[in-house]
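Please keep the sequence and the structure in view while reading.

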Amino acid sequence: MHIHILGICGTFMGGLAMLARQMGYQVTGSDSNVYPPMSDQLAAAGIDVMSGYAPEHLQPAPDLVVMGNAMSRGNAAVEYVLNKGLPYTSGPQWLAENVLPERWVLAVSGTHGKTTTSSMLAHILTFAGLSPGFLIGGVPGDFGVSARLGETPFFVIEADEYDTAFFDKRAKFVHYRPRTLLVNNLEFDHADIYADLAAIQTQFHHLIRTVPGDGLILSPVNVPAIDDMLARGCWSNRQQLGQNADWQVISYQNDGSHFKVQHGNETAEISWSLLGQHNIANALGAVAAAHHVGVTLAVAAQALSCFKGVKRRLELRGEVAGVAVYDDFAHHPTAIKTTLAGLRDNNRNGRLLAVFEPRSNTMKMGVHQETLGASFHDADQVFWYQDGEQNWSLQSVKKCLEQKLFMTDNIDNLVETVIGQAQPGDKIVIMSNGGFAGIHDRILQGLAS
């Protein structure tokens with residue numbers, strides 16, 4: 001069977017393409033944004049990716065077209081599919097019908113940390129010998145691919161609240177029917193499709209309704225947005241994460257590099273390469289979810305101690321002349337703040353330079369403009385790429401950051417300025433949820449020359 005995927009280079013759709021290929025399907029795809037790591041992963045799998053959305057890509061007609069949620073009416077390929085009456089479906093629906101039946105689904109949801117926590121959970125289960133399948137919105141360092149069918153009923157999935165497709169406005173995660181569900185956190189995001197936090201809470205509660213009674217819902221303590229959402233009804237077993245809860249961290253280093261977890265009478269220590277209090281919280285959720293399928297706390301701690309992290313999640317891209325360059329998939333003030341805080345705690349004697357592209361739809365709309373500037377508190381300098389698509393005043397950001405802010409609408413100027421100001425001992429963290437014109441390699445090459 002031949003399936004063609006529109007929007008194949010998105011992290012979710014690219015992973016789906018990998019699963020379909022492993023199941024024996026002929027897989028092709030189209031996309032307008034082709035860049036690593038997903039483009040490299042698809043090429044290595046022998047999946048033919050075509051640039052753009054020309055109707056000719058669908059000739060001869062595939063057996064099924066799988067639409068990514070970036071597709072919309074007016075797209076040439078979408079219009080061709082509808083006019084010709086070609087069979088089509090969404091990515092989450094295809095996954096639900098072809099991969100997830102009879103699987104024990106472990107879903108990781110929340111505004112932040114889904115990719116990293118899903119990667120941790122898949123790594124723990126693999127380390128424990130459970131050979132899970134997984135579909136993650138990034139490329140875990142321990143696997144080198146974002147998706148795998150696995151050899152057992154267990155399947156780890158990053159459960160995204162973004163909408164499914166232009167013809168299905170439900171959140172993606174309602175398709176997944178998890179038996180183990182982790183709700184990491186819950187804040188307002190995706191302002192392009194949700195009016196307010198209450199609208200997002202409604203989608204999360206739709207997900208809660210799909211968890212069986214003998215399943216398990218894991219969530220942190222004292223998060224009003226989650227507590228209010230669960231107060232609408234919870235019909236499953238529930239355990240909590242945090243201080244004096246079912247699962248808790250009883251000691252830790254400020255930079256997040258070492259911590260101790262307790263569950264009942266069990267404790268285990270974890271020392272690893274990751275940084276930040278947010279990653280400790282991610283780890284706590286992953287350990288608890290793994291425990292639900294039989295992995296002991298001790299084994300989970302051993303697994304995390306050798307966890308290699310995820311590409312584009314505070315990934316060290318290189319170090320030149322004493323300057324370390326990181327790549328981070330920043331898209332929300334909370335994520336920016338916690339990432340920079342972790343780096344600052346780990347690098348008290350050096351400078352921290354943040355290079356930022358506000359690329360997500362929510363960022364471009366200015367929804368977080370009043371809190372965005374403060375999220376860079378721990379950076380010594382902030383280099384801001386202003387691409388002309390931000391439809392809001394930057395006065396609040398300028399007022400907050402003052403002299404530490406450099407702003408430009410020219411990538412070449414941005415690269416030259418960062419390189420010119422970098423000093424030995426600095427950490428440069430590049431924060432964007434896009435390709436950012438290959439700025440990571442350009443800065444590294446410039447530092448080396």
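Within helix H3, which spans residues 76-84, the buried residues are Ala77, Val78, Glu79, Tyr80 and Val81, where buried means under 20% relative accessible area, exposed means over 50%, and partly exposed lies in between, all with a 1.4 Å probe and protein chains only. Helices (H or I, at least four residues) and strands (E, at least two) are DSSP runs, numbered from the N terminus. The buried residues of H3 pack against strand S1 (2-6), strand S4 (64-67) and strand S5 (88-90), contact being taken as heavy atoms within 4.5 Å.

Both ends of this helix can be described. After H3 comes Gly85, whose phi is positive, near 70°.

## Basis of the model

The model is predicted, so local features need pLDDT of at least 70 and side-chain atom pairs count only at pLDDT 80 or more, whereas totals for chains, interfaces and linings use all residues. Residues are numbered from 1 along each chain as its sequence is written, and side-chain values use heavy atoms, with hydrogens and water left out.

## Two histidines in strands

His2 has its place in strand S1, and it counts as buried because its relative accessible area is 14%. The side chain of His2 makes a polar contact of 2.9 Å with the side chain of Thr28; a polar contact is a pair of N or O atoms within 3.5 Å, and within protein one must be able to donate a hydrogen and the other to accept it, while residues adjacent in sequence count only if both atoms are side-chain atoms. Not counting residues up to four places away in sequence, His2 touches Gln26, Thr28, Pro62, Asp63 and Leu64.

His263 is found in strand S16, which covers residues 258-263, and with a relative accessible area of 17% His263 is buried. When residues up to four places away in sequence are set aside, His263 touches Gln239, Asp246, Trp247, His291 and Leu297.

## Leu405 in strand S22

Where does Leu405 lie? Leu405 belongs to strand S22, made of residues 405-408, and Leu405 is buried because its relative accessible area is 18%. Leaving aside neighbours within four places in sequence, Leu405 is in contact with Val382, Trp384, Val397 and Lys398. Between Leu405 and Asp48 there are 357 residues of separation in sequence, and in space the two are 43 Å apart, C-alpha to C-alpha.

## Salt bridges

How many salt bridges does a search of the whole structure find? The search finds 13 salt bridges, each being a side-chain nitrogen of Lys or Arg within 4 Å of a carboxyl oxygen of Asp or Glu. In one of them, the side chains of Arg238 and Asp227 meet at 3.5 Å, N to O. This pair links distant parts of the chain, with Arg238 in strand S14 (residues 237-241) and Asp227 in helix H7 (residues 224-230), 11 residues apart. Arg238 is partly exposed at a relative accessible area of 32%, and Asp227 is partly exposed at 29%.

Asp426 forms a salt bridge with Arg351, in which the closest N and O atoms are 2.7 Å apart. Asp426 lies in the loop between helix H14 (411-421) and strand S23 (427-431), and Arg351 in the loop between helix H10 (333-346) and strand S20 (352-356), so the pair ties together parts that are 75 residues apart in sequence. Asp426 is buried, with a relative accessible area of 3%, whereas Arg351 is partly exposed, with 22%. The side chains of Asp412 and Arg442 also meet in a salt bridge, at 2.4 Å, N to O. Asp412 lies in helix H14 and Arg442 in helix H15 (residues 439-448), so this pair ties together parts that are 30 residues apart in sequence. Further to these pairs, Arg317, Asp327 and Asp441 are linked in a network of salt bridges.

## Cysteines

With a disulfide taken as a pair of cysteine sulfur atoms within 2.5 Å, the count of disulfides comes to 0. Cys9 counts as buried because its relative accessibility is 11%, whereas Cys400, at 41% relative accessibility, counts as partly exposed.
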